[in-house]
Structure formats: C-alpha cells, structure tokens
Amino acid sequence: HFGSSCLAPACTGGLAAPVSIEDEAGAFFSMRQISTKSDVEQQSLLSAKSQLLRSLSSDASVSPALKMASVIAWIVLFLFMVGSIRLSDYFNDHLGYAKILCTVRAEDMKCGNNASFLELAINAQRFVMVGNERKYLGCGPGQGVFGEALCPPIYSEKNAVPIGTEGYSLSSVIGTGPGTGCMMASSIFPILFTWQYGPGNIARMVNKYGAEPHTLLLVKIAYWSMVAFQSFFAMFLMCTYCIFENEHVTVVGLFILAILVHFLAIAYLSYLYRSRFEMVVILTIAAFGLVSFVGGFVGDRLFFMNSQGSYPDYVKHGNLDGKGFWLGECLGFASAFAITPALLILEDLEG
C-alpha cells in the first residue's frame, strides 16, 4: 500500500522511480513522529496556559499575605490623609520649602478664620531677605510642597462661598504638584487590589456570588460604579480645588454618588448570597463614610465661627479647631477605599 501511492506515474512526473516499500514506510513513520511531537508541544502549551489561567482565575484563593498587604495599603493611604496638614507644616516650614516655592506676600494672604496671616508667618519665621528687609511669605494656589496650612487660606471670592471659609480641607492641602502625586501614590495600591482581588474582578465576584442573571446584573452594577468612582477620583485629583473650584465640587458629588451605588450593590449581593453579617459590615462602612463627610460639612456651617484671632490663639472657632471638614474628607475617602480589604477579611471570617 505504501508503494502504490508513491510509485504511480503521477508522483514521478510520468517516470517510475525506484522507491522501495521500506523507504516509504520510513518516511511515513518520520512524518508521524513529527506530527506526534507537534501534538505533544501543543498539549504542553495548552497545559501551561491552563495552569496560568487557573492561577489567575476566580477560584484562586487570596493568600493571607496578600490580604494583609491590602490592609496595609489602605492604612498607608489613611495615614497620609490624616497626616497631610502635619506634612505641610513639616515640608513648608520645618524644611523651609515655603521660602523657596511660595511667592505671595503675607500681607496679601487672607485666612478663612479671619486670623492675621502676617502674624502667623512672623511666628513661623517664614521670610526671605530682600535687601535689608524681611519679606514674609504665604503659599498661593498650587504653591509649596503641600498646600498652605498656617491657616485655611482664602484663594477665591468669585463664588458665594469663597475657598477657605470651610476651614482646612484635604482638597486644598493636596492641591499642589507633590501633594497630588502623594495622594495618587498612596492610593495606587488600594486601587490595584480592587481590580485584582476585589469588586473589579468580575470573574472572582461571579465565583463568589453566583452566575444567575440577576446576580450578574448586580455584579456589573458594582463593577461599573467602581469604574465611575475611580474615574471621578482621577478627575478630582486633576481639577484641584484652588484652581478649578466648580469642576472640583462637581466631581466630588459624582464620585460620592458612584461609591454609594457601589456599596449598595455589594451589600445586596451579600444579603442574597453570602450573609447578613457581611451586608451589615458593608453598609456600616458606607454609612460611616457618608456621615463623616456630611458631618464635616454640617459642622463647618454650624460651628465654624469667623472671629478675629491674635497670637497665640489665632483660630477662634469650633469645628474641631477648623479641621472638621478636612477630617470628614479623610474619613470619607478611607471608607470608600475600605471595601476590598473588608471583603477579603470577611472571606476568612465566614469561610
């Protein structure tokens, strides 16, 4: 049979080639070996790909080390935010960067609490020599390593509520190049954990909560609301408060709405397919963040008393010494980024 197909005139252009059956058999089995080797290589590649997919799949459990890393990343972000005013004092005044980066005359700076900025600058020894005279300085919009923290400065009076009358704000303190960069750097790992191990990983969410049609709808709502939140968060960082006031306030409102939708979707999924305990934890985090943010705003309006101050008691008002709104922002952001660490920890608690 081997020889008949290759000794035919069609194979040799009309000439009968002296090819033995043994030669034909050797060629046939050589071809089969090559084909078999190719099949083995393909199977090996498919096996390796399958193993890689399994390692990245929704079934892959998250190691305790990664769960702890997600918590540490969240703590780093929280510590940066609550330490932002201290960081401003340290870099701008202790290290003296305000004397290099800030150019506004202290006499031209106005404090939201009606304190004398000139007296504050004199007390902080923030001056440069111009000839034989001392020129005291304040940090204008975007100046300094971090935003001005000697007092909550008023940067704009074009709107009904000028920037600074709310007291200190996280938006103002991080409204510089290095400040915005630090905020992004400290939030990048919580963001990455969200997409790899949290609600941003749809396959993992489906594996956890199920693949029924209404479940998939809730998973998609949770996913796209997180996309919206983080997109508006990026715009929040780009549209700094002291320059793009109206745009900044708008994106703040939008990312609050997006994160609330996200929390509600996750809470409802937990209620349907996990446990009421998980639902209660998620709703508690959401409520704490919302109350903190709103509380800072309300506290500003009710207790921030604009009365003239003088050394050494410059800040003559309540609202947590002018830091109530700032603290509300810090706690609100911390709650928004707490969803992934919370879900990972709850997996261990509930099994």
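This is a predicted model: local features need pLDDT of at least 70, side-chain atom pairs count only at pLDDT 80 or more; totals for chains, interfaces and linings use all residues.
**Entry 1: H9 against H10**

From H9, I find Ile202, Met205, Val206 and Tyr209. They meet Thr215, Leu216, Val219 and Tyr223 of H10.

Next I checked the geometry. H9 covers residues 202–209, and H10 covers residues 213–238. The two helices pack at an angle of about 140°, and their axes lie 10 Å apart. H9 is therefore oblique to H10. Antiparallel would need an angle over 145 degrees. I also looked up the hand of the crossing of H9 and H10, and it is right-handed.

**Entry 2: H3 against H8**

I moved on to H3 (residues 64–82) and H8 (residues 177–197). Their packing angle is about 155°, with 9 Å between the axes. That makes H3 roughly antiparallel to H8, because the angle is over the 145 cut-off. The crossing of H3 and H8 is left-handed.

I then listed the residues in contact. H3 contributes Leu66, Ala69, Ser70, Ala73, Trp74, Leu77, Phe80 and Met81. H8 contributes Gly179, Cys182, Met183, Ser186, Ser187, Phe189, Pro190, Phe193 and Tyr197. Sorted by class, the contact of H3 with H8 has 13 nonpolar residues, 4 polar and no charged.

**Entry 3: Glu329**

Is Glu329 buried or exposed? I find a relative accessible area of 5% for Glu329, so this residue counts as buried, the cut-off being under 20%. Glu329 sits in helix H13, which spans residues 324–336.

I also asked what Glu329 touches, leaving out residues up to four places away in sequence. The list is Ser169, Leu170, Ser171 and Phe293.

**Entry 4: the sheet**

Last, I traced the strands. I find an open sheet of 3 strands, in the order S1-S3-S2, with antiparallel pairing. Which strands form the edges? They are S1 (104–105) and S2 (127–130), each of which pairs on one side only.

I followed S2 into its partner. S2 and S3 (residues 133–138) pair in the antiparallel sense over 4 bridges. For the record, strands of a sheet pair through backbone hydrogen bonds, either parallel or antiparallel.

Conventions:
Residues are numbered from 1 along each chain as its sequence is written. Side-chain values use heavy atoms; hydrogens and water are left out. Axes are lines fitted to C-alpha atoms, for helices over the stretch in contact, and angles run from 0 to 180 degrees between N-to-C directions. Angles under 35 degrees count as roughly parallel, over 145 as roughly antiparallel, 65 to 115 as roughly perpendicular and the rest as oblique. A crossing is left-handed if the near helix is turned anticlockwise from the far one by less than a right angle, and right-handed if clockwise. Contact means heavy atoms within 4.5 Å. Ala, Val, Leu, Ile, Met, Phe, Trp, Tyr, Cys and Pro count as nonpolar, Asp, Glu, Lys and Arg as charged, and the others, Gly among them, as polar. Buried means under 20% relative accessible area, exposed over 50%, partly exposed in between (1.4 Å probe, protein chains only). Two strands pair if DSSP finds at least two bridges between them.
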